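Let's take a friendly walk through this structure, part by part. Have a look at it first, and then read on.

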There are 2 protein chains.
Amino acid sequence: MKTGFVGLGAMGYPMALNLHKAGLLAAVYNRSPEKGRQFARETRCTPVDSLAGLAKLCDAVVTCVSADADVLEVVRGLAPDLKQGALVLDCSTVSAATACEAAAKLKARGVDFLDCPVSGGTEGAKHGTLAIMCGGEPAAFERAQPVLNALGKRVALMGPVGAGQATKAVNQIVVAGVAQAVSEALAFAESQGLPLAKVIEVVGSGAAQSWFLANRGPNMMRMTFPLGFRISLHDKDLKIVQQMAGALGVQLPVVEMTRIHYKRLMETGFGDEDISALFRLKHALFKK
Amino acid sequence: MKTGFVGLGAMGYPMALNLHKAGLLAAVYNRSPEKGRQFARETRCTPVDSLAGLAKLCDAVVTCVSADADVLEVVRGLAPDLKQGALVLDCSTVSAATACEAAAKLKARGVDFLDCPVSGGTEGAKHGTLAIMCGGEPAAFERAQPVLNALGKRVALMGPVGAGQATKAVNQIVVAGVAQAVSEALAFAESQGLPLAKVIEVVGSGAAQSWFLANRGPNMMRMTFPLGFRISLHDKDLKIVQQMAGALGVQLPVVEMTRIHYKRLMETGFGDEDISALFRLKHALFKK
C-alpha cells in the first residue's frame, strides 16, 4: 500500500521514518518545507510540494497535525485528488466531532477515514511501539493493518469514527492525573531530602508504577523538560475533554486542576515545554 | 536468621507466608488470635500468644500493623525480651517521626531498627514482588537482606531511620493521583459509550500506562472494589503526608482533592473498600 505522510512534527517525523523502514512510504508533505528537506536528506524520500501532489501518489495517507482546523484543512487539500477507495488515517489528537466532519467530507469522494490518535510519547513514535486508538469501519481498519502495525504495537478499533478520539480523550485525562501525581510527589520527595533517582526506582516498582514516573521522573530530577508532549497541546486536548464532559453536565476535577496549573506555566513562558514541567510549579512551592 | 512476624493482616499474612516458604519464619503473633490459628493450620507454624514470647524466639522481627500507635505498642511489647543485637523491621506505613521513636526505644536495648514500608498491593505481598523502602543504618540493612529479599523484589535503603517512611509518603501521593486519574478517565470513557476493557488495554499501552490502571481498572469496570488497599488507611497515610508538607508551609492539591473524595466515600459507608472505589463518585456524576 503506497502511503503518504502529512505532518513531520515531533511525533510525525519518527512515525514517517517507521513507515519508510517498513517499505510503505511513497511521499511526505510538511507545511513548512524545511522538515521535508531534512526528511529527504535522511531517507532519500522526496517530499512533494502540495497535498494534491501527495494525494495523487498514494493509496493511503497518514496525517499527524496539531489542531482541529489543521486536520480539516489537510482533508480539504487532499480530497479532490485522492483515488476512489483510498484511505486517510488521521493520527492527530482532535475532537470526535472533527473526526466525523473529516470522515463525511471524504466519504462523499469514496474515500475511507479512520481516526487513529496515538499515545506513547516521542519514544513510542521512534520505536514503533505506540498505542493506537482507532475509530471507523471494520473493513477500513482491516485494510489499514500494515500501516498501523508499522507505527504501533497495540492497535485497537474502539468503535465508529470518533471513537478513537474519544479514547484518546480518556488517555489525556489519565496522563493529566498521572503527571500531577508524579510532579507533586517528586517535589515532596525533594523537600524531604530523599535521593530522587532511588525514589523513582523503588516507588516505580510497586503500586505507584507508571510510564510517566519512569520516563519523565528523571527529567524532573534534572529540572529539564525536553519534548515529549507540549503543555500547550495537552491543554488544548484537555479543553476538548472538558467540552465533551460539559455536554453531559459533568466537571472533571483532575482536568480542571491541571488546566489551572498549565495556564500558570503558559503565562510564565513555559507552554512549549514538556508537560513534566508541572514539576516547576510544585518545586517552587517548597522553595518559597 | 530466626524471624518472627507480627500482624497477619491483608498484607502481613501473605508476607509471613513468604518468610515461611523461605525457611526463615520461627513464630507469628497477631493481636486477634483467629488469624494466628488460620496461619498455623496453613503452615504448621505455631502462633505464640504474646509479644514477649515471640521476642525470645527470634533474631529478627517483622511488624506489619495499621497505625502509629500500634507500632509503638508492639515495640514496647517486644523490647524487654529481644536479644541484644536483634533486628526489628517495621513494614507498617506510619510517620517518619514514629519510626524514629521506635528506633530510639530499641537502640536503648541494643536492638537495631529499620523502617521498611512496602508497596505493590496484596498482589505484591502474595507474590513476594513488593517494593520495599528502607530507612536505617547500612549495617542493619545488610543484615536484613535475607528477610527483605524473601518479601520483595525491589529493596532500597533510602537513608537513615525515617527515610523509608518518607519514601512511602511519596508513594502514597503518587497512588492518590493515579487513582484519581484512572477513576475520572474511566468514568468519562463509560459516558462516551466506549468498550472499557479495550480502553484499559489500549490506553494502558502508551504514555498513560500504570500499575493501577491495569490492576484496578477492571474492578471499576465491574463496579466491585475488593481489597487491595483500604480507603480509610490510605486517608490516614495522606493525612500524615499533609502534616509533613504542612510543616514546610506547603499544600498538596492532589492529596487535598483525594482526601475530600475519600471523606465523601467514608461518610457514605465505603471507607472499607479498595481505593479504586473512587470510581463510585466519578461514575455517579455522569449518572445524575
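In chain A, 14 residues of domain 1 are in contact with twelve residues of domain 2. Three residues, A:Thr93, A:Glu123 and A:Met133, supply 39% of the area that domain 1 of chain A buries against domain 2, more than any other three residues. Please keep in mind that this is a predicted model. Domain 1 of chain A covers 3-161 and domain 2 covers 167-285. Taken over C-alpha atoms, the centres of the two domains of chain A are separated by 28 Å.

The size of an interface is often given as the accessible area lost when the parts come together. For domain 1 and domain 2 of chain A, the area buried between them is about 1000 Å², with 57% of it on carbon and sulfur atoms. One salt bridge is found across this interface of domain 1 and domain 2 of chain A. A:Glu123 also forms a salt bridge with A:Arg216, where the closest N and O atoms are 2.8 Å apart.

## How the two chains meet

How are chain A and chain B related by rotation and shift? A rotation of 180 degrees, with 0.0 Å of shift along its axis, superposes chain A on chain B with an RMSD of 0.1 Å. The two copies are thus related as by a two-fold rotation axis.

The contact between the chains involves 61 residues from chain A and 61 residues from chain B. Of the interface residues of chain A, 100% are also interface residues in chain B, so the copies meet through the same surface. Between chain A and chain B, about 5100 Å² of area is buried, and carbon and sulfur atoms give 75% of this. Two salt bridges are found across the interface of chain A and chain B. A salt bridge also joins the side chains of A:Glu201 and B:Arg154, at 2.5 Å from N to O.

Does helix 9 of chain A come out mostly covered or mostly uncovered? Mostly covered: 27 of the 29 residues in helix 9 of chain A are buried. Helix 9 of chain A runs over residues 163-191, and at 1.5 Å a residue these 29 residues should span 42 Å. The end C-alpha atoms of helix 9 are 42 Å apart, which agrees. After helix 9 of chain A comes A:Gly193, whose phi is positive, near 75 degrees.

Helix 10 of chain A, residues 196-203, has its own buried residues: A:Leu196, A:Val199, A:Ile200, A:Val202 and A:Val203.

## Charged pairs

Side chains of opposite charge can pair when their charged atoms come close. Over all chains, the structure holds 32 salt bridges. One of them links A:Lys282 with A:Glu184, the closest N and O atoms being 3.2 Å apart. A:Lys282 lies in helix 14 (residues 278-287) of chain A and A:Glu184 in helix 9 of chain A, so this pair ties together parts that are 98 residues apart in sequence. Are these two partners buried or exposed? A:Lys282 counts as buried at 4% relative accessibility, and A:Glu184 counts as buried at 1%.

A:Asp112 and A:Arg143 also form a salt bridge, with the closest N and O atoms 2.8 Å apart. This pair links distant parts of the chain, 31 residues apart: A:Asp112 is in strand 5 (residues 112-115) of chain A, and A:Arg143 is in helix 7 (residues 138-143) of chain A. A:Asp112 is partly exposed, with a relative accessible area of 30%, and A:Arg143 counts as partly exposed at 33% relative accessibility. In another salt bridge, the side chains of A:Glu34 and A:Arg41 meet at 3.4 Å, N to O. A:Glu34 is partly exposed, with a relative accessible area of 39%, whereas A:Arg41 is exposed at 59%. A:Glu34 and A:Arg41 are linked with A:Arg37 in a network of salt bridges.

How values were computed:
Residues are numbered from 1 along each chain as its sequence is written. Chains are lettered from A and ligands numbered from 1 in the order in which they are written. This is a predicted model: local features need pLDDT of at least 70, side-chain atom pairs count only at pLDDT 80 or more; totals for chains, interfaces and linings use all residues. Side-chain values use heavy atoms; hydrogens and water are left out. Helices (H or I, at least four residues) and strands (E, at least two) are DSSP runs, numbered from the N terminus. The expected span of a helix is 1.5 Å times one less than its number of residues. Buried means under 20% relative accessible area, exposed over 50%, partly exposed in between (1.4 Å probe, protein chains only). Copies are superposed by least squares on the C-alpha atoms of residues with pLDDT of at least 70 in both. Contact means heavy atoms within 4.5 Å. Domain bounds come from an automatic or database domain assignment. Buried area is the accessible area (1.4 Å probe) that two parts lose on being put together, summed over both. A salt bridge is a side-chain nitrogen of Lys or Arg within 4 Å of a carboxyl oxygen of Asp or Glu.
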